[in-house]
Amino acid sequence: PRPWNDEDADALIALAKKINKDQGFDYTLMDPLIKQLSYCCRGTINPMAAYLGGLVAQEAMKAISQEGAPLLQWHHVEFSEALPETDNIDEDDFQPMGFRYDSNVVVFGNKVQQKILQQKTFLVGAGALGCEFVKNFAMTGVGCSKAGLIQVTDLDSIELSNLSRQFLFREQHVGKMKSTIACQA
């Protein structure tokens, strides 16, 4: 479906209802949820993808190593409250423009993406979590315009043991400051 297009959203709802009926299912469909899915399904929010990838990797490691019990139930995560209100949406604001952050634009709109690009952010720590934050900031565009700024501070230097935990660092970075290398990466 086209991003934030009511006609396509209604068509998806009708298709879901048809499948529900044709397959003999008796599910109660939540039309507003299907509509939100239709509006945003072409977007990918990198921090959410990183969260899901980390969760899947952790569960796979638990299953393979048999250290700890893997989840044997549903794990439901959704952040629909982060989505824009559907009243008075300008569909044009949510159309891809052929630039790096189109996945965000499809979900949040160009006006919000411009605000994200202009953020001024101070990050304390460039360890394992700090590197993940730096990566997510870059992938979503936080502070990545001329008006934006990300400052990273960490008084620690890179040690050989960091290379297995902090994916932005390589062997040639050992002895250099974490904050400097994380930002360069």
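Visitor: What does T153 count as by relative accessibility?
Guide: T153 counts as partly exposed, at 28% relative accessibility. Buried is under 20% relative accessible area, exposed is over 50%, and partly exposed lies in between, with a 1.4 Å probe and protein chains only.

Visitor: What kind of model is this?
Guide: This is a predicted model, where local features need pLDDT of at least 70 and side-chain atom pairs count only at pLDDT 80 or more, while totals for chains, interfaces and linings use all residues. Residues are numbered from 1 along each chain as its sequence is written, and side-chain values use heavy atoms, with hydrogens and water left out.

Visitor: Back to T153. Where is it found, and what does it touch?
Guide: T153 is in strand β2, residues 149-153. Strands (E, at least two residues) and helices (H or I, at least four) are DSSP runs numbered from the N terminus. Not counting residues up to four places away in sequence, T153 touches F122, L123, V124, G125, A126 and S179. Contact means heavy atoms within 4.5 Å. T153 and C183 are 30 residues apart in sequence, and their C-alpha atoms are 10.0 Å apart.

Visitor: L123 is on that list. What else is L123 in contact with?
Guide: Leaving aside neighbours within four places in sequence, L123 contacts G130, F133, V134, F137, Q151 and V152 as well as T153.

Visitor: Which residues have the most contacts inside the largest nonpolar core?
Guide: L123, C131, V134, V152, L168, F169 and A182, in a core of 13 residues. Helices α6 and α7 (178-184) each give two or more residues to this core, and α6 has the largest share, with 3 residues. Another core, of 8 residues, lies apart from it and has A9, Y39, C40 and L83 among its members. A nonpolar core here is a set of buried Ala, Val, Leu, Ile, Met, Phe, Trp, Tyr and Cys residues joined through side-chain atoms within 4.5 Å.

Visitor: Y39 and C40 are in α2, then. Which residues of α2 are buried?
Guide: I34, S38, Y39 and C40 are buried in α2. The buried residues of α2 pack against α1 (6-22) and α4.

Visitor: New topic. How many aromatic pairs are there?
Guide: Rings of Phe, Tyr and Trp (its six-membered ring) pair if their centres lie within 6.5 Å; planes under 30 degrees apart are stacked, over 60 edge-to-face, and the rest tilted. By this rule there are 5 aromatic pairs. One of them is F99 with Y101, edge-to-face, with 5.7 Å between centres and 80° between planes. F99 is partly exposed at 28%, whereas Y101 is buried at 9%.

Visitor: Why is the F133 and F137 pair tilted?
Guide: The planes of F133 and F137 are at 45°, with the centres 6.1 Å apart, so the pair is tilted. Both residues lie in helix α6 (residues 128-140), 4 residues apart, which is about one turn of the helix. An α-helix has 3.6 residues a turn, so residues three or four places apart point the same way. F133 is partly exposed at 43%, and F137 is buried at 15%.

Visitor: Which residues do ring pairs link into a cluster?
Guide: W4, Y39 and F94.

Visitor: Pockets now. How much space lies in the largest pocket?
Guide: About 810 Å³. Its lining has 22 residues, with M48, V77, E78, F79 and S80 nearest the centre. Helices α2 (31-40), α3 (46-65) and α4 (102-108) each supply at least two lining residues. By class the lining has 15 nonpolar, 6 polar and 1 charged residues. Ala, Val, Leu, Ile, Met, Phe, Trp, Tyr, Cys and Pro count as nonpolar, Asp, Glu, Lys and Arg as charged, and the others, Gly among them, as polar.

Visitor: What counts as a pocket here?
Guide: On a 1 Å grid over the protein atoms alone, a pocket is an open set of points where a 1.4 Å probe fits, with protein on both sides within 12 Å along at least five of seven lines; lining residues have an atom within 4 Å of a point. Points are joined across faces, edges and corners, and the volume is the space filled by probe spheres set on them.

Visitor: And what is the volume of the second largest pocket?
Guide: About 340 Å³. Its lining includes F133, F137 and T140. The elements giving two or more residues are α4 and α6, and α6 gives the most, with 6 residues. The lining divides into 8 nonpolar, 3 polar and 1 charged.

Visitor: Is T140 buried or exposed?
Guide: T140 is buried, at 10%, and sits in helix α6. Leaving aside neighbours within four places in sequence, T140 contacts N46, P47, Y101, N104, Q113 and I116.
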